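Dear colleague,

Please find below the structure that I am handing over to you, together with its sequence.

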Amino acid sequence: MISLLFILACGHEHPDVELPEGDAMLGEELYFTSCSGCHSTDGTGGSGPNLLNQTDDHIVDYVQNGSGDMPAFPELSAQDIADIIAHIRVLESE
Ligand code: HEC
């Protein structure tokens, strides 16, 4: 949590969020549990929009802060979010 806040606080100096290296295998599990209900298992969207081809910053922002009908996920660490993004990148390549 502290490291994620550090990343976000430094975001205006660096255009892209610097996340730890993600593990797509761990991310698949987290994505399935936390995201797929609204964004579908393939990431193309359901009640929530398509998640494919979004920037790291944008994904971190939504997961951290939520928006509209999407809740924030304060329990997900920077590592968890990096893992989820790694899984989304795999979905994009399928
Ligand atoms: C309860 C349903 C729900 C869940 C669970 C959920 N989302 Fe969302 N998500 C939404 C909705 C609805 C929006 C559109 C919100 C808006 O536009 O204000 C959204 C928007 C987004 C966006 C912005 C997409 C765009 O087109 O700009 C991202 C990125 C995102 N979600 C990622 C995630 C991730 C990653 C997870 C899992 C950690 C997740 N969401 C879990 C409902 C959900």
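The elements named in this message are helices and strands taken as DSSP runs and numbered from the N terminus, a helix having at least four residues. Please bear in mind that this is a predicted model.

With that numbering, α4 gives four residues to the shell around the ligand, the largest share. The ligand itself sits in the largest pocket. Two elements, α3 (36–39) and α4 (56–65), each contribute two or more residues to the shell.

The shell has 19 residues, of which C35, C38, H39, S67 and M70 come nearest to the ligand.

In the case of S67, a side-chain N or O atom lies 2.5 Å from an oxygen atom of the ligand. For H58, the corresponding distance to an oxygen atom of the ligand is 2.6 Å. A polar side-chain atom of H39 is 2.7 Å from a nitrogen atom of the ligand.

Which protein atoms are donors of the iron atom of the ligand? They are NE2 of H39 and SD of M70, at 2.0 to 2.2 Å from the iron atom. Because H39 belongs to helix α3 and M70 to the loop between α4 and α5 (78–92), this pair ties together parts that are 31 residues apart in sequence.

The arrangement around the iron atom is octahedral, because its six donor atoms subtend angles of 82 to 179°. Ideal angles for six octahedral donors are 90 or 180 degrees.

Yours sincerely

Technical notes:
Residues numbered from 1 in each chain as written. Predicted model: local features only at pLDDT ≥ 70, side-chain atom pairs only at ≥ 80, totals over all residues. Heavy atoms only, no water. Near = heavy atom within 4 Å. Polar contact = N/O pair within 3.5 Å; in protein donor to acceptor, adjacent residues only side chain to side chain. 1 Å grid on protein atoms, 1.4 Å probe; cavity = no way out; pocket = protein on both sides within 12 Å on 5 of 7 lines; lining within 4 Å. Sits in = over half its atoms within 2 Å of the grid points. Donors = N, O, S within 2.8 Å, 3.2 Å for Na, K, Ca; no water. Tetrahedral: all angles 85-135°; square planar, octahedral: opposite > 155°, others 65-115°.
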